[in-house]
Amino acid sequence: MLTLIRNAAIYNPEFIGIQDILFSGRDVISIGAKIEMPQSPWLNQIDAKGRALIPGLVDPLVHITGGGGEGGYHTRTPEMNLTDATLAGVTTLVAALGTDSVSRSLNDLVVKAKALNYEGLSVYCYTGSYEYPVKTLTGDITQDLMLIDNVIGVGEIAIADHRGSQLTSDELARVASQSRVGGMLSGKAGIVFVHVGDGRSGLALLHDVAKNSDIPLSQFYPTHINRSQTLLEQGVAFAKAGGVIDFTASTNAYYLDEGEVSIVDAVQFALSQQLPLSQISLSSDGNASLPVFNERGDCVGVEVGQVGSLFEAFTALRESGLSLEQVLPMVTSNAARVLKLWRKGGIGVDKDADLVLLDEQMQIDKVWCQGHLLVDAGKPLRKGTFE
């Protein structure tokens, strides 16, 4: 089946004009001011006049198998469903383990990723978890990257967090070296995706590695940088030194009361520091556990991160006064660039047909993943196997 979308305001993610786009299967075939095609039962035409066509969102951190709850066995968070992503316009995501790498295994993570791929998404994985030594599938980070097709890096290894392994600069440098070599040999990103907690050391360990080894700062991709104003300031300095930082969209009132910086305020602060928005990405932290603690430090509740928070952050940033061209790269092309997912994060003949058509109110109307229409009129055409 051929699909021809006419008269769309196309963003790549920069605005490239009011154009037509023709695609078949996962491949974009042509983009032009007026594409001529003969009538055919195999051609589906859509008039998108007055609407914006944007790339499918790229989410660099989702806990697709759920997370281990810090409140005990009963607080383990649920797995992600297909429509958690598609209804939010997310077509590409990277799966990770977190605190719990016992009841949540890498085997399960990779298999769940393959299941979501079968259902229509593009899902990649990080090997490892919060802890060091890094747990892997083959016994070696480099081998995981070279031999397992959807493993593209290591993560989310934890620093500045009491739940992490308190690893040293030398230990983190070895992790980064193995991931870097594995990425080079396999043509993948080989990135080290770093969970940054609220510890006093912040990003210091990453700077130590860059200073005392041959590993560049750009090898690291730290997330949760809007956890506090202090960490945000460190993150801006890290990005100015050559890295890319990631802000977390999922939050709750407890975290905001504890000093977490909202996405809008974090981006506005970065702009006030003259940081190019090309150095910022957003992630949902979907299906992660968001523990709530009392004044004694006891976990008294757990909320669940939402993949849909990524589109909510996109909307909030746009409504704050930023242009679509400013906001879109933070939820599409920036993460795709860092993760070396070259066919993702944009709209072009060299890209996958991962597309989101927004209506006149800038809400999600249709979503295509690799050319397959999964959402229409804001409703799911395809659900996960057990939804």
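## Strands and the place of serine 289

Strands are DSSP runs of at least two residues, labelled E and numbered from the N terminus. Strand E14 covers residues 289-293, and serine 289 is found there. The model under discussion is a predicted one.

Serine 289 has a relative accessible area of 14%. Because buried means under 20% relative accessible area, serine 289 counts as buried. Beyond residues up to four places away in sequence, serine 289 touches Gly68, Gly69, Glu70, Thr77, Val302 and Glu303.

In soluble globular proteins, nonpolar side chains tend to be buried together. Here the largest nonpolar core holds 86 residues, and the members that touch the most others are Ile64, Phe220, Phe247 and Leu282. A separate second core consists of 16 residues, among them Ile152, Ile191, Phe193 and Leu339.

Met146, Leu147, Val181, Met184 and Leu185 make a nonpolar surface patch of about 530 Å². Two elements each give two or more residues to the patch: helix H3 (141-147) and helix H4 (169-186). The largest share, 3 residues, comes from H4.

Valine 181, a member of this patch, lies in helix H4. With a relative accessible area of 35%, valine 181 is partly exposed.

## Aromatic pairs

There are 5 aromatic pairs in the structure. One of them joins phenylalanine 193 and tyrosine 221 in an edge-to-face arrangement, with 5.1 Å from centre to centre and 90° between the planes. Phenylalanine 193 belongs to strand E10 (residues 191-196) and tyrosine 221 to strand E11 (residues 220-223), so this pair ties together parts that are 28 residues apart in sequence. Both phenylalanine 193 and tyrosine 221 are buried.

Another pair, formed by phenylalanine 311 and phenylalanine 314, is tilted, with a centre-to-centre distance of 5.2 Å and 35° between the planes. These two residues are separated by about one helical turn, because they lie 3 residues apart in helix H9 (residues 309-319). Phenylalanine 311 and phenylalanine 314 are both buried. Ring pairs also link Tyr126, Phe193 and Tyr221 into a cluster.

## Backbone features

Most residues other than glycine have a negative phi, and most peptide bonds are trans. A cis peptide bond is found between tyrosine 132 and proline 133, with omega about 0°; proline 133 is placed in the loop between strand E8 (122-127) and H3. The bond from glycine 155 to glutamate 156 is cis as well, with omega near -20°. Glutamate 156 lies in strand E9 (residues 151-159).

Glutamine 166 is not a glycine, yet it has a positive phi of about 55°. Glutamine 166 occupies the loop between E9 and H4 and counts as exposed at 54% relative accessibility. Asparagine 287 likewise has a positive phi, of about 65°, although it is not a glycine. Asparagine 287 is in the loop between strand E13 (280-283) and E14, and at 5% relative accessibility it counts as buried.

Conventions:
Residues are numbered from 1 along each chain as its sequence is written. This is a predicted model: local features need pLDDT of at least 70, side-chain atom pairs count only at pLDDT 80 or more; totals for chains, interfaces and linings use all residues. Side-chain values use heavy atoms; hydrogens and water are left out. A nonpolar core is a set of buried Ala, Val, Leu, Ile, Met, Phe, Trp, Tyr and Cys residues joined through side-chain atoms within 4.5 Å. Buried means under 20% relative accessible area, exposed over 50%, partly exposed in between (1.4 Å probe, protein chains only). Patches are made of residues with over 30% relative accessible area and no salt bridge: like charges are joined within 9 Å, nonpolar side chains (Val, Leu, Ile, Met, Phe, Trp, Tyr) within 5 Å. Accessible areas come from the Shrake-Rupley method with a 1.4 Å probe; for residues, only the protein chains shown count as cover. A salt bridge is a side-chain nitrogen of Lys or Arg within 4 Å of a carboxyl oxygen of Asp or Glu. Helices (H or I, at least four residues) and strands (E, at least two) are DSSP runs, numbered from the N terminus. Contact means heavy atoms within 4.5 Å. Rings of Phe, Tyr and Trp (its six-membered ring) pair if their centres lie within 6.5 Å; planes under 30 degrees apart count as stacked, over 60 as edge-to-face and the rest as tilted.
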